[in-house]
Amino acid sequence: MITRILLLIFLPSVIAQDLCEDGKDGYKVRLSIKTALGDKAYEWNESEMFLFRSSLAFAMRNHIPTEKFDISNILVCNETKRVSFVFVVTSPNNSTKLIPKDQVASAVRKHRHRLNSAFLLSDGTLEFMGIPATLATPITYGTQPWLIVFGVVIGAVAVGILSLLMSTMTRRRRRAADKGVDSGREEERIEGLVKGNGTSLTCLDSKDGDYNKAFSNDERFTKLLCRFGVFKAKLAEGQDSKTTSELKSLSLKSQLEQVNPSEENDCDSRAEPRANVETGKGI
Amino acid sequence: MSKEARPSWDSPTQFVLACVSYAVGLGNVWRFPYLCQMHGGGGFLIPYLLMLVLEGIPLFCMELAIGQRMRLGCVGAWSAISPYLGGLGIASVVTSVYLSLYYNIINAWSFWYLFHSFQPVLPWSECPVNSNRSGYVEECEVASPTQYFFYRETLNISSSIDENGGVHMGVALCLLLAWVIVFLFVVRGIKSTGKVVYFTATFPYLVLIIYLIRGFTLHGAWNGVKYMFTPKLDQLANPQTWINAATQIFFSLGLGFGSLIAFASYNHQNNDFEKQAVAVSLINSGTSVFACMVTFAIYGFKATLNYESCLERMKLLLINTFDLSESDISIDNVTIWISDLNHTNPEMFSSIASKIEDCSLEAELDTAVEGTGLAFIVYSEAIKNMPVSQLWSVLYFIMLLLLGMGSMLGNITAIITPLGDLKILSRTFSNETINGLVCLVCLLLGLGFTTRSGSYWFTMFNDYGATLSLLFIVLFEVVSVCYIYGLKRFEKDIEDMLGHRPNWYWRVMWAVVSPVLLITLFIFYIISYIQGGTPTYQAWDKDLGRSVVKEYPPYGQAFIALLLVSSLSCIPLVALYELCKRKHRGQPIRQRQTVSTVSSGL
């Protein structure tokens with residue numbers, strides 16, 4: 001008699017254990033509380049398990065609204081130190097019948113975020129083995145952000161190029177206009193100066209490159225060239241009053257020797273005649 | 001029609017900064033740290049500095065001297081030295097064209113990464129989600145997010161050089177932007193280039209200093225720096241170390257492209273190029289060492305991160321398998337636990353034995369990467385783990401861009417200077433038009449590198465387009481100057497320019513040491529080409545998530561041969577042409593002129 005009573009009392013829990021440990025319709029749960037929370041980690045105890053079971057019952061209720069799931073319907077077994085265990089869900093109407101795996105899975109997936117938040121954990125630290133989490137939707141942009149930055153940069157560069165080209169064209173146009181006025185005067189001034197020595201000293205630093213310095217062995221030429229360069233610069237700058245009329249009558253060599261001796265050492269510091277100075281055909 | 005005087009730099013500082021900007025390029029950042037790592041860390045500095053003194057500085061000075069003396073681009077300068085040597089200049093221009101074609105792709109990639117840094121989450125920090133949102137894209141799972149972003153989203157790489165595909169529109173747009181910016185910088189010749197180099201030469205140093213400070217304060221950076229500075233002097237016995245040091249100095253200074261001649265041709269006659277040559281070479285090497293320190297700090301950070309996450313993974317594996325509590329194992333005693341559990345529970349342990357990894361900090365530090373892999377994968381991975389990663393990403397890619405753009409300026413100047421010297425062209429077109437046309441042609445040809453197999457062609461150009469030909473060109477240059485033009489005449493020219501003769505160091509280096517070194521390097525390269533068998537390349541396998549080695553197909557090998565032959569053959573071809581021309585005209589073949597000679601102005 002007593003044994004029968006005892007059997008009756010312990011039967012449900014034995015059956016419950018069997019149902020859970022069968023493992024067919026159950027899922028293994030693993031929590032990594034210390035990894036997720038570090039110092040703020042809480043201890044896993046009976047109350048936390050109670051919370052888990054009630055959250056799961058809540059999820060099942062929402063998923064299958066017709067059936068009223070209770071905490072007693074959530075059976076737990078195989079608890080370990082890791083904090084992992086297996087759970088199964090029994091039907092509220094029939095405590096020996098288990099809810100199928102896929103229904104449990106979809107219930108958990110739908111409410112994953114609520115379950116995670118209840119425990120201050122995430123998809124990685126509250127793992128349901130076998131239930132993959134739904135990953136967050138990737139953010140889609142109307143216009144890709146990189147295209148916006150690209151557009152800004154290429155716009156700025158295009159503006160830069162256009163302004164550079166415009167300034168070059170206006171400079172050329174202005175020079176062409178000035179050239180028409182001055183060319184007559186300059187031409188005859190300079191023709192007189194180079195008449196003496198013909199072609200040897202022409203095209204010193206122009207791109208025509210007619211003077212091939214490589215084959216010159218004459219050292220004096222180099223110094224003479226330097227002085228001529230200085231002389232030309234001074235001519236362009238119009239500093240030396242002697243340049244134009246007075247020197248026209250002298251031969252080229254003596255004209256060059258008229259250059260101030262101190263300017264011999266000045267050769268490298270002198271600025272080259274600037275690009276926009278018209279020097280006529282010969283130089 | 002009147003001719004304008006040759007433009008010149010506004011000040012010697014502009015010239016020096018232009019040379020620095022040209023010489024200090026991507027190679028300093030991504031090749032030198034690799035070599036340092038491969039050849040014994042701090043010990044590599046010994047052969048490197050020795051080669052700098054024996055080979056780098058003398059050759060650099062020689063090219064500047066030629067440019068400043070002749071005041072013409074490389075084609076005109078060499079024709080002026082001897083009409084038979086015009087081919088040397090043309091070979092330099094051809095090599096510069098090849099380099100310009102493929103180098104700007106790197107700038108395009110840097111732009112692509114730079115523009116993608118302006119997002120709340122860096123796109124290479126996490127894998128994209130697959131179509132049904134159940135997991136990540138498979139290729140990204142097998143590889144890593146940074147590799148996936150580089151190989152799939154940036155390059156959309158195919159699995160071999162045979163498989164072509166369409167042009168990647170995004171990268172093509174970035175390439176267009178890169179060329180437009182290059183055009184903006186060179187449109188007025190050195191007048192515009194001279195202003196730009198103030199920025200491109202100095203800003204990268206600012207970023208490097210910021211990165212040095214940031215790098216040294218990262219967790220685990222000290223491991224990397226310690227690794228770099230502990231010299232492994234046994235590597236000095238390996239001849240490969242010395243060969244690599246010589247090659248690195250040579251290519252890092254950018255000799256043989258004609259850029260230095262072009263830059264120097266805009267100098268005043270009395271500019272002191274000797275001191276400037278020494279200064280620029282030292283700055284270049286100093287930057288390499290500096291960038292090496294930054295790179296190793298970043299390596300150390302990344303290696304420590306990988307090592308610690310490896311330990312974390314092992315810990316997780318153990319506590320999940322053996323159901324231990326989380327606080328039982330800490331990162332420090334993971335290895336002890338592994339061996340314990342192996343003894344106590346061998347059957348359960350064997351089930352996870354395949355997943356057990358050997359976590360080693362040394363192994364992580366030993367993985368040496370160079371080239372685009374270092375710049376775009378390793379660095380991006382390190383950056384994504386830093387706090388405020390968008391800022392560091394933007395800074396880093398701007399630095400890469402400036403380094404790349406600075407070198408591009410030199411290469412484009414090497415092409416447009418001889419073209420501008422050509423009377424035929426400069427009479428019909430203005431300088432701006434010539435420069436624009438050069439940029440346009442290079443852009444159109446460069447679009448080929450943005451196709452799906454474009455990265456493999458890029459590697460081919462990188463490995464073969466400018467390596468052997470440059471060695472030959474510079475060897476020819478130094479031999480021509482010393483023995484054809486004559487060392488005595490060259491010394492006198494320098495005396496005319498500087499006011500004093502070059503001292504014994506320069507004479508010995510030019511006449512003896514550098515040619516011998518170059519011949520050795522040249523022979524070594526030929527031998528390694530012959531011994532290496534069929535040339536191979538690294539192809540990305542998307543199923544394995546890593547690169548595999550593949551051989552070039554026959555047409556690929558033919559193209560490599562074409563690349564090498566097309567630049568080298570200019571030298572003998574032009575010499576032959578000149579010979580035939582003179583014979584045909586009945587002129588004496590050798591002419592010793594004492595006064596000016598009218599040359600063709602080429």
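Trainee: Why is Cys570(B) called buried?

Mentor: Buried means under 20% relative accessible area, exposed over 50%, and partly exposed in between, using a 1.4 Å probe and protein chains only. Cys570(B) has 12% relative accessibility, so it counts as buried. This is a predicted model, where local features need pLDDT of at least 70 and side-chain atom pairs count only at pLDDT 80 or more. Side-chain values use heavy atoms, with hydrogens and water left out.

Trainee: And what makes Cys580(B) partly exposed?

Mentor: Its value of 49% relative accessibility lies in the in-between range, so Cys580(B) counts as partly exposed.

Trainee: How do you know that Cys310(B) and Cys359(B) form a disulfide?

Mentor: A disulfide is a pair of cysteine sulfur atoms within 2.5 Å. The sulfurs of Cys310(B) and Cys359(B) are 1.8 Å apart, so the pair qualifies. The bond links distant parts of the chain, 49 residues apart: Cys310(B) is in helix 14 (residues 273-322) of chain B, and Cys359(B) is in the loop between helix 16 (346-352) and helix 17 (361-366). Helices here are DSSP runs of H or I with at least four residues, numbered from the N terminus.

Trainee: What makes this disulfide left-handed?

Mentor: The torsion about its S-S bond is about -80 degrees, so the Cys310(B) and Cys359(B) disulfide is left-handed.

Trainee: Why are Cys310(B) and Cys359(B) called buried?

Mentor: Cys310(B) has a relative accessible area of 5%, so it is buried. Cys359(B), at 15%, counts as buried too.

Methods:
Residues are numbered from 1 along each chain as its sequence is written. Chains are lettered from A and ligands numbered from 1 in the order in which they are written. Helices (H or I, at least four residues) and strands (E, at least two) are DSSP runs, numbered from the N terminus.
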